Amino acid sequence: MSGKTFYITTAIDYVNSKPHLGTAYEKVAADIIARYHRLIGDDVLFLMGNDEHSQKVEAAARAQGLSPLAWCDLMEKEFRDAWKALDISFDDFIRTTEPRHVAAVKEMLTRIHAAGDVYQDVYEGWYCTGCEAFKNEGDLVDGKCPDHLSTAPTFLEEKNWFFRLSKYESFLKDYYAEHPDFVRPAIRRNELTSLLDSGLKDISISREGATWGVPVPFDETAVVYVWFDALINYIAGLGWPDDSERFERYWPADLHLIGKDITRFHCIIWPAMLKSAGLPLPAQVFGHGFVNMGKDRMSKSLGTAVDPQSLADRFGADALRWYLTSEAGFGKDLEYGEDRLVERANTDLANGLGNLLSRSVSMLVRYLGGVVPAPPAAPPMRSKVEEAVPVYREALDDLDLKGAADAAMSIVHRANVYVDEKAPWAMAKDPAQKDALAGVLYELMESCRVAGVLLTPFMPAKMAELRERLGEDAEAAPKIDDASWGGLPEGRKLTKPSPLFTKLALDEADAS
Ligand SMILES: [Zn+2]
């Protein structure tokens, strides 16, 4: 290991319903980033989890005749099954009902109270249960939350605890100015900068009379507002405040990966909470785009949810992961289309990488008895590979998932053109070209091997299969040094491979 730590988190999910494709998109992206950091040798901690103290979770449980906790236990399994089906490699999974989380919430409240940042007042205003958020009159359109048109907001009049967010306005402005990469992409930073410029109001952080939640440590008649509770998972997951060794090793987080709709919580409220509690701020918050279906954002509440697990069953987890992260620039919205998923998988994977591997190894078997030849002296494909690897690394260091996917796939595309230029089947007929033929076949297989290393974070299971077909150890996780040219050893014997990817087809019934 490099000794460098990399702590990455995703948003934790409300468990009122099963994960949808929008939720899955975020986890897949985070997983690719986490796996890339393992590839380059970082000591990675990748945290995910479930957000359980929400009114809509409580309502979903009651509707099933279950206690909230019994419901959350059932949903934990649903979420873990979905993440398993998508090959998400989180290192830790936190539930906000766990004692370690409850302890951290109580400690945070105690600290900000001691800092003089908490006071009691009456909250009179709107609350959207869909967002689990207090809403200003100006946030509503025709009296409704624009993100939750089917559920009317509730008017509350509660004696609540307030957090002095306004006190941190100038601190945050300075922090944004000094840390231009704190909020990304730039469009999100600009939105939050204007929000800061318009002035911050104190926020309500408790719910009077509610019982499903973490009790306010200095007022047992109220529970902590679910968002204030949820944000604390990022340090509770590190064992704060008890496990100071783990906390000091991984905190501050390198990256909070979240949806673009919850930046206000993560980039304004959360840093102010941390500052109030005397804790350092995370290095970066990235607000990714939505997965849209037609004009609508993919979410359960809009009734456009697509089940990621059934997509993974139909098309394969790796094809789904590839489509989600190589189709649109990261940070922008993705227009979901099953036809596009199938097309990307067939073009890049079945016809691109799969075909390259299959024809290369088949020709090796036919022309050289399956024995890997010596590396040639000045191979053109080596230059292509050595140009692509740094582009790939720079892209992933910059969270440009599509850029990295394109860089890795550019090796495959170049190699497929190279085969046709060189026409090994013609060279094989001319004994004078025996050495040249061996050199070309080495280049093709080595190009597959290196592309396989770079594509491992995107398609971990399929790239393990690729390593196996090239006689590598399928179980051993590759490292970035394995992407250096010349790693395929001379003399290794390979056999004719079965296809790595099968061509996908749209179901007739779905092709409307
Ligand atoms: Zn809402």
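Colleague: Which residue stands opposite Ala 222 in E12?

Modeller: Glu 208 stands opposite Ala 222. Bear in mind that this is a predicted model.

Colleague: How many bridges join E10 to E12, and which way do the two run?

Modeller: There are 3 bridges between E10 and strand E12, residues 219-224, and the two strands run antiparallel.

Colleague: What is the strand order in that sheet?

Modeller: The order is E10-E12-E11, an open sheet of 3 strands with antiparallel pairing. Strand E10 (206-208) and strand E11 (215-216) are at the edges. Each has a single partner strand, so one side of each lacks a neighbour in the sheet.

Colleague: What holds paired strands together in general?

Modeller: Backbone hydrogen bonds, with the strands either parallel or antiparallel.

Colleague: OK, the open sheet of 4 strands. What order?

Modeller: E6-E5-E7-E9, and the pairing is antiparallel. Strand E6 (133-135) and strand E9 (203-204) are the edge strands, each pairing on one side only.

Colleague: How many bridges between E5 and E7?

Modeller: 10 bridges join strand E5, residues 118-128, to strand E7, residues 154-163. The two run antiparallel.

Colleague: Which residue does Tyr 123 stand opposite?

Modeller: Glu 158 in E7.

Colleague: Switching to helices. At what angle do H12 and H15 cross?

Modeller: Roughly 115 degrees, with the axes coming within 8 Å. Helix H12 covers residues 317-326 and helix H15 covers residues 401-422.

Colleague: Which residues meet there?

Modeller: From H12, Trp 322, Thr 325 and Ser 326. On the H15 side they meet Leu 401, Lys 402, Ala 405 and Met 409.

Colleague: And what classes are in that contact of H12 with H15?

Modeller: The contact has 4 nonpolar, 2 polar and 1 charged residues.

Colleague: Now pockets. How much space lies in the second largest pocket?

Modeller: About 230 Å³.

Colleague: Which lining residues lie nearest its centre?

Modeller: Arg 35, Thr 456, Pro 460, Ala 477 and Pro 478, out of 14 residues lining the second largest pocket.

Colleague: Which elements give two or more residues to that lining?

Modeller: Helix H1 (21-39) and helix H18 (460-469). H18 gives the most, with 4 residues.

Colleague: How does the lining of the second largest pocket split by class?

Modeller: It has 8 nonpolar, 1 polar and 5 charged residues.

Colleague: And how is empty space found in the first place?

Modeller: A probe the size of a water molecule is rolled over the atoms, and that shows where empty space is left.

Methods. Residues are numbered from 1 along each chain as its sequence is written. This is a predicted model: local features need pLDDT of at least 70, side-chain atom pairs count only at pLDDT 80 or more; totals for chains, interfaces and linings use all residues. Side-chain values use heavy atoms; hydrogens and water are left out. On a 1 Å grid over the protein atoms alone, a cavity is a set of points where a 1.4 Å probe fits but cannot get out, and a pocket is an open set with protein on both sides within 12 Å along at least five of seven lines; lining residues have an atom within 4 Å of a point. Grid points are joined across faces, edges and corners, and a volume is the space filled by probe spheres set on the points. Ala, Val, Leu, Ile, Met, Phe, Trp, Tyr, Cys and Pro count as nonpolar, Asp, Glu, Lys and Arg as charged, and the others, Gly among them, as polar. Axes are lines fitted to C-alpha atoms, for helices over the stretch in contact, and angles run from 0 to 180 degrees between N-to-C directions. Contact means heavy atoms within 4.5 Å. Two strands pair if DSSP finds at least two bridges between them.
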